[in-house]
Amino acid sequence: MIVRTARPDEYDLVGELTVEVYVRGGLVSPSSTYVPKLRNAADRAARAVLLVAEDAGEIAGAVAYCPPDSPYAELAGPDEAEIRMLAVLEKARGKGAGRAMVRACVERARTAGLAGLRLSTQRNMESAQRMYEKMGFVRTPDRDWTPVPGLELLTYALAF
């Protein structure tokens, strides 16, 4: 599994992959106002760091690594980075793509000398929560938030 920065010619593919994972996975409704934001990988690449996991030459997943100055960082403090919109295609699950992308984000935050890394996840993303906990992230219930009515996001942090 190779994790690298997404290339501009891959932005449309990454956007569609992210929408597929979130909509088909039942995480957001196809009519949600969040779908256009998920689809706009070019904006994530311009305002954060858009990473992809590549398996045997095919993109298996994507994530936005958001440094402290990124407008995509919604809950990170000034000395923290944030992980956003982690998505792994169904056919690639269980191959380590999610873990590899999170590891790449951890490395970026550590290299930048930041104090930690934060993320939000939905309550029904249980396998992702198990992965985060195995990687050393801890729940931060005091930072849980509701971006839209009816959607509670659980938060996790990894301190360095």
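Helix H1 (11–24), strand E4 (80–88), helix H4 (97–111), strand E5 (116–122), helix H5 (126–134), strand E7 (145–148) and strand E8 (151–159) each contribute at least two residues to the lining of the largest pocket. Helices (H or I, at least four residues) and strands (E, at least two) are DSSP runs numbered from the N terminus. This is a predicted model, in which local features need pLDDT of at least 70 and side-chain atom pairs count only at pLDDT 80 or more, while totals for chains, interfaces and linings use all residues. Residues are numbered from 1 along each chain as its sequence is written, and side-chain values use heavy atoms, with hydrogens and water left out.

The volume of this pocket is about 1,200 Å³. Of its 47 lining residues, Tyr22, Leu27, Leu86, Thr121 and Met125 lie nearest the centre. E4 provides the largest share of the lining, seven residues. By class, the lining holds 23 nonpolar, twelve polar and twelve charged residues.

Elsewhere, strand E2 (residues 49–55) is mostly covered, with five of its seven residues buried (under 20% relative accessible area, 1.4 Å probe, protein chains only). Its pairings are tabulated below; two strands pair if DSSP finds at least two bridges between them.

| Partner of E2 | Bridges | Direction |
|---|---|---|
| E1 (residues 2–5) | four bridges | antiparallel |
| E3 (residues 58–66) | seven bridges | antiparallel |

Alanine 53 in E2 stands opposite valine 3, and its bridge partner in E3 is glycine 61. The hairpin of E2 and E3 has two residues between the strands, and alanine 56 there takes a positive phi near 55°.

Notes:
Buried means under 20% relative accessible area, exposed over 50%, partly exposed in between (1.4 Å probe, protein chains only). On a 1 Å grid over the protein atoms alone, a cavity is a set of points where a 1.4 Å probe fits but cannot get out, and a pocket is an open set with protein on both sides within 12 Å along at least five of seven lines; lining residues have an atom within 4 Å of a point. Grid points are joined across faces, edges and corners, and a volume is the space filled by probe spheres set on the points. Ala, Val, Leu, Ile, Met, Phe, Trp, Tyr, Cys and Pro count as nonpolar, Asp, Glu, Lys and Arg as charged, and the others, Gly among them, as polar.
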